[in-house]
Structures are given as C-alpha cells and as structure tokens.
Amino acid sequence: MNLKKLFRPKSLAVVGGYWADFVIQGNRKLGFKGPIWHINPSRKSSDNNKYYKDIKDLPGIPDCVYIAVSRDLTVNVIKDYASIGTGGAVCLASRFSETNSKEGLLKAKELLKNSNGMPFLGPNCYGFINYLDNISVWSDQIAGKQTSKGVAIIGQSGTIGNTISFNQRSLPIGYIISVGNQTCVTIEDTINYVLDDKRVTSIGIYAESFSNIKLLVKVLRKAKEKKVPV
C-alpha cells in the first residue's frame, strides 16, 4: 500500500463546510506551500476564499482529499476522487462500523469498495498532522510547529492526538495520525509507513485494537532492525 501521497501530499482538496475549514486554517498556520482546493457548492467565492462547486471544476488532481460530509455523501464522494487518481483520503464521518449495526457495517463495505484501492484514513477519524512537511489534514485546531525530526504518534482517537499536540515539553513531534475505524489504512500499515521515514525517531501507539497481528509482528521486527523505539 503506497501511502506517500496520503501523508506527504503536494496538493490538497477539502470537501465540506465547518470541519473542512479547520484543514484550511491548520495549513495556513503550519505554512503548507501547495494548492488547497475547497469544494463546497453552497458557498460563494470571495477575494480571500475560493470555492469550487464540483470535482469537475478542480484545476488538477489532488494528492490527498479531506472528506468532511455526511456518511452517505462520503460513500459517494470517495468514489469520485478515486476515479480521477487521487493518492489518498481522510474520511471524517461517523456511523460506520463503529456502530456495529447492520447498516453501519454495510456502509463501511460500500466505502471500501468505492475507494477502489485508494488508501484512506477512517472513517470516524480526525486525520493527521505532518509537522515534518508542514501539512495538516486535521479536523480541529492544531498546536505545535514544524520540526526536522520527531516522534510519530499513531492512534484511533483524534481527541487524544489533539491533546498531545498541545504538549509543551521538549518532545519534537513529527506526525500525529488518527486512524479511526481502520476500514482501509490500519495502525500496522501506518507504523510500516513511518518506519520508512528516516526523520521519525520513535513511534508512540495508542490503540483500542489491532487489525492484523501477523503484520504487527512484522513491522515491530522492522522497527527493531531499524532501531526505532515503539
């Protein structure tokens, strides 16, 4: 699974309103240099903010898309972005498999099918902050600043990640990643990815569950070989 465009995008698209605004604000704070295209058909563009009505209006193909719309719309929107070759997505919406309901489980399967191999975080997650490359695909206010190397914090809970981002200790943080329901990208996949980033000095995991124990053992052995503490 190639996660580079997801976690280190050169261009971003955000879909939605209130929650999508946090992504715009976070990237302005961190100093992301790439284009950010905001899709919201109900908003009018202004001198300070440009909005696109539809995916067809975008001037290019985003490396990563942040999807902050309802559950049912998320299932449809992810198909659109997968179809144009987007590198990855973050899905904020809840009421999927975490409900353990028949409808929620079916929607999770539909979301995975519609992603058509495009990796995505979530659903039911905040996303990630990449302090190493000044990128925020995160649905809340952020704290912290750019660093050249640091710890990768991986967990299911966005709230825990958000709390950690406000720490004022001398701990450089490279990534904060919320995986949510792990319908596609799992904690194990994420550990594997950050181990290939030489700027990551150690890995912190806050897990409610693991999806693939064999892969977990494999990536922990990889961490040992690379001498990256977990």
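1. The expected span of a helix is 1.5 Å times one less than its number of residues. Helices (H or I, at least four residues) and strands (E, at least two) are DSSP runs, numbered from the N terminus. By that rule the 14 residues of helix α4 (residues 102–115) should span 20 Å, and the end C-alpha atoms of α4 are 20 Å apart, which agrees.

2. On the basis of the note: this is a predicted model, in which local features need pLDDT of at least 70 and side-chain atom pairs count only at pLDDT 80 or more, while totals for chains, interfaces and linings use all residues. Residues are numbered from 1 along each chain as its sequence is written, and side-chain values use heavy atoms, with hydrogens and water left out.

3. Buried means under 20% relative accessible area, exposed over 50%, and partly exposed in between (1.4 Å probe, protein chains only). In α4 the buried residues are Gly-104, Lys-107, Ala-108, Leu-111, Asn-114 and Ser-115. They lie on the same side of α4, because they cover an arc of only 135° around the axis; the arc is that of the directions from the helix axis to the C-beta atoms. The face turned away from this buried side carries the exposed residues Lys-102, Lys-109 and Lys-113.

4. The cover over the buried residues of α4 includes α3 (71–83), β5 (88–91) and β6 (120–121), judged by contact, meaning heavy atoms within 4.5 Å. After α4 comes Asn-116, with a positive phi near 50°.

5. Strands β7 (residues 127–130) and β8 pair in the antiparallel sense over four bridges; two strands pair if DSSP finds at least two bridges between them. Gly-127 stands opposite Trp-138 in β8. The hairpin has four residues between the strands, and Asn-134 there takes a positive phi near 60°. Strand β8 (residues 135–138) is covered on both faces: Ile-135 and Val-137 are buried on one side, Ser-136 and Trp-138 on the other.

6. Asp-197 lies in the loop between α6 (187–195) and β11 (200–206). Asp-197 is buried, with a relative accessible area of 7%. The side chain of Asp-197 makes a polar contact with the side chain of Tyr-175 (2.7 Å). A polar contact is a pair of N or O atoms within 3.5 Å; within protein, one must be able to donate a hydrogen and the other to accept it, and residues adjacent in sequence count only if both atoms are side-chain atoms.

7. For the whole protein chain, the secondary structure comes to seven helices and 11 strands. Of its 230 residues, 54% count as buried.
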